[in-house]
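The report below describes how the secondary-structure elements of one chain are arranged and how they pack on one another.

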Amino acid sequence: MTLDVSVIATSSLGDRSYLASDGRVAIVVDPQRDIDRVLYLAGAKGVRITHVVETHIHNDYVSGGLELARITGAQYLVAAADTVEFDRTPAADGDTVPVSDTMRLRVIGTPGHTFHHLSYALDEATDGGWTAAGVFTGGSLLFGTTGRTDLLGQQYAHELAHHQYASARKLADLLPDGAQVWPTHGFGSFCSASQADAPESTIGREKDANPVLRLAADQFVTETLAGLDAYPAYYAHMGVANAAGPAPVDLTPVARADADELRRRIAAGEWVVDLRHRKAYAASHLAGTVSLGLDGPMSTWLGWLIDWGVPITFLAQTPEQVADAQRELVRIGIDRPAAQATGEPEQWTADPSQLRELAVADFGALAAAQAGKTPAGLPEPQVVLDVRMTNEWKAGHVDGAVHVPLPDVPKRLADIPAGTVWVHCGSGYRATAAASLLANAGRDVVLIDDSYGRAEEAGVRMAPTA
């Protein structure tokens with residue numbers, strides 16, 4: 001392939017955008033809102049962006065497509081059938097979009113993830129005419145799975161699952177086995193019905209590996225719908241923002257907060273988020289704060305946990321970490337944090353009594369406690385709280401554990417039985433967030449900072465599997 005296709009990954013949201021070029025002009029597919037990354041890449045490659053295309057009105061992030069097209073003067077292709085509040089070049093199934101002498105797009109209607117979803121085949125000129133180099137599939141055909149079909153409402157999930165099945169088959173029939181598959185979702189995104197099973201793929205590989213191309217329609221629909229778990233609450237705001245036309249982002253530095261302002265914000269019940277790694281948070285943190293480190297999908301969990309529109313203040317070691325957090329939040333439509341402070345916890349309060357620690361254990365310690373031998377220095381676990389998602393819980397869990405998925409913790413604190421809580425997740429990241437919320441509610445809590453995959457081998461007593 002003489003065309004160059006570059007991936008612009010947004011790992012925190014599990015998405016990919018793409019820049020495809022022939023060395024002179026370029027197409028951008030499904031750009032995130034922080035378009036400076038795209039403009040930098042185009043500049044580095046010395047190419048001019050002439051077309052920006054959306055596979056669908058996104059539900060998991062705010063698009064940068066409208067602003068990127070405005071800045072570059074590119075055509076902005078959005079499905080003709082989608083109702084939007086801005087000017088666009090309407091695209092529909094069967095359209096051919098000439099880009100250059102060596103590159104063109106073919107629009108393929110692939111409903112399923114949404115009703116008006118489009119895929120775009122990228123063709124390159126050859127001596128024999130045009131050859132399909134690959135296809136940008138958005139939330140249609142993913143690596144080893146498909147995009148989920150319930151984001152427009154549970155009432156449409158079954159119908160859209162049937163559309164998804166037909167669309168995947170349509171792509172497999174239209175395109176050669178060697179054509180690359182370039183999806184937007186599937187790399188940890190909650191828009192995916194399940195998680196990606198490969199770093200790259202082709203139509204031929206998907207025919208061999210993807211259930212949508214191996215199962216009968218009814219079986220695919222049944223299995224897909226049965227496997228769907230909850231998705232972030234903030235998704236409710238993304239489609240609305242994208243249909244209205246997102247405003248440009250403002251990534252200028254956030255106002256600094258001193259110790260008095262931090263105290264007032266915490267006292268008012270605002271979200272003050274500590275972006276440091278959970279080990280640093282456990283060692284020392286400001287009472288009343290919530291741990292969501294930048295080493296994990298901070299924006300996904302924060303956007304899911306908060307009441308939309310509440311003020312958010314960031315605490316971090318460096319201004320660069322705050323800037324990274326800002327960038328993550330604008331991608332989901334949270335435009336301006338209220339305030340920020342950097343440094344160490346001792347600098348964030350004039351009252352040392354406001355500094356807290358989190359007790360930390362591993363699954364070996366939990367196994368010992370189950371055997372009546374709680375390690376010295378740790379309180380006995382009276383409640384074991386599992387904050388993983390429902391599908392994770394169903395696949396196996398600690399015997400006697402209480403299950404409250406992390407997104408439900410703020411509203412279900414009263415449902416968690418009395419006593420000292422030992423809390424775990426799959427890795428420690430979500431458990432630390434939950435532990436901070438519990439501690440803020442006055443609960444005695446121990447963080448199990450360990451991989452759930454180690455629990456059984458560490459001797460933890462597991463619930464019998466069905």
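## Basis of the description

The model is predicted, with local features needing pLDDT of at least 70 and side-chain atom pairs counting only at pLDDT 80 or more, while totals for chains, interfaces and linings use all residues. Residues are numbered from 1 along each chain as its sequence is written, and side-chain values use heavy atoms, with hydrogens and water left out.

## The parallel sheet and its helices

An open sheet is formed by five strands in the order 19-23-22-20-21, with parallel pairing; its edges are strand 19 (359-361) and strand 21 (402-403), each of which pairs on one side only. Within this sheet, strand 20 (residues 383-386) runs parallel to strand 22 (residues 421-424) and is joined to it by four bridges, and aspartate 386 has histidine 424 of strand 22 as its bridge partner.

Helix 11 (residues 363-370) packs on the sheet, where it touches strand 19, strand 20, strand 22 and strand 23 (445-448), and its direction makes about 140 degrees with that of strand 22; contact here means heavy atoms within 4.5 Å. Helix 13 (residues 429-440) lies across strand 20, strand 22 and strand 23, running at about 175 degrees to strand 23. Such angles run from 0 to 180 degrees between N-to-C directions, and axes are lines fitted to C-alpha atoms, for helices over the stretch in contact.

## Helix 3 against helix 5

Helix 3 (residues 154-174) and helix 5 (residues 217-226) pack at about 130 degrees, with their axes 9 Å apart. Helix 3 is therefore oblique to helix 5, a term for angles left over when those under 35 degrees count as roughly parallel, over 145 as roughly antiparallel and 65 to 115 as roughly perpendicular.

The residues in contact are Ala157, His158, Ala161, His162, Gln164 and Tyr165 of helix 3 and Ala217, Asp218, Phe220, Val221 and Leu225 of helix 5.

## Helix 9 against helix 10

Helix 9 (residues 298-305) packs against helix 10 (residues 319-330) at an angle of about 60 degrees, with the axes 9 Å apart, and the two are therefore oblique to each other. Met298, Ser299 and Leu302 in helix 9 meet Ala325, Glu328 and Leu329 in helix 10.

## The chain as a whole

The chain has 13 helices and 23 strands, and its C-alpha atoms fill a box of roughly 75 × 55 × 35 Å along the principal axes.

Methods
Pairing = 2+ DSSP bridges.
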